[in-house]
Amino acid sequence: MKKLLLMISVLIVLSGCAKTKSDTLTIGYTNFPPLGYRDESGQAVGFDIDLARAVAHEMEFTIEFQYINWDTKILELNSGNIDAIWNGFSITPSRQKEVLFTQPYIDNAIVLITNKNNTTLQSLDDLSTVAIGVESESSGYHTLESLFDINTLNIRRFTSINEALLDLKAQSIDVVVTDAIYANYVMNQSDDYRIVEGIKLTAEQYGIGLRMDDTELQTSLNTAIETLRQNGTLRDLSIKWFGEDLSL
């Protein structure tokens, strides 16, 4: 009888740890248009938001969106405050040591934004002579780490990419390092800036970040994304938000 009670207790604990179709999937996102951000009414909108809703529909999950500080995204994930980091989250070797990624679903690259009349930057080597703005713990920052001795660069780290752009506009910094998708969004919103032509730091892909032991959730998400790829939803959402098909 004691063994039976012990087995029942273990099963109850395990069932409480595993996600079921009736569970809520909590997505961590920040202000990173057009991928995920808050609109004027405070609602979560963007490409990744729409994709997450479509995936949740396929998986028959309820979904919630939790606004987070991008600096602490891994802590938010591992503490259980969120179930997934899903907001233009680039797959990198360093992140793969801390996060279980789904299959990639969108192409991306790291580029440079500067003021429209700034002609200082002609090559990648010129980054060593200018003031650089980058969002803390972003793929842009990690790209700089991989390409340069970070201590030799004049880098200012910001808690959000919007803050970096404000300093760029004020000419407190000379260039912002960020994702190509976000950079193109900025170009469509303002003619104060330009993307530095001919300098692409690295090519990347976006994935969904999960806790390292969430392999079942990873499989379910991969299956749902593949379904949306096959039925054209992924392509349609990309065209809606980016004006072109960047889906993989």
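Modeller: The chain is divided into domain 1 (25-105 + 207-242) and domain 2 (108-204), with bounds that come from an automatic or database domain assignment. This is a predicted model, in which local features need pLDDT of at least 70 and side-chain atom pairs count only at pLDDT 80 or more, while totals for chains, interfaces and linings use all residues. Residues are numbered from 1 along each chain as its sequence is written, and side-chain values use heavy atoms, leaving out hydrogens and water.

Colleague: What is the area buried between domain 1 and domain 2?

Modeller: The size of an interface is often given as the accessible area lost when the parts come together. The loss is computed with a 1.4 Å probe and summed over both parts. Here about 1200 Å² is buried between domain 1 and domain 2, and carbon and sulfur atoms give 57% of this area. F32, P33 and D71 supply 36% of the area that domain 1 buries against domain 2, more than any other three residues.

Colleague: Which residues of helix 8 are buried?

Modeller: An α-helix has 3.6 residues a turn, so residues three or four places apart point the same way. Helices are DSSP runs (H or I, at least four residues), numbered from the N terminus. Helix 8 covers residues 215-230, and its buried residues (under 20% relative accessible area, 1.4 Å probe, protein chains only) are L217, Q218, L221, N222, A224, I225 and L228. Among the elements that cover them are helix 2 (47-59) and helix 9 (233-242). Just after helix 8, G232 takes a positive phi of about 90 degrees.

Technical notes:
Helix = DSSP H or I, 4+ residues; strand = E, 2+ residues; numbered from the N terminus. Expected span 1.5 Å × (residues − 1). Buried < 20%, exposed > 50% of the residue type's maximum accessible area, 1.4 Å probe, protein only. Contact = heavy atoms within 4.5 Å. Buried area = accessible area lost by both parts, 1.4 Å probe.
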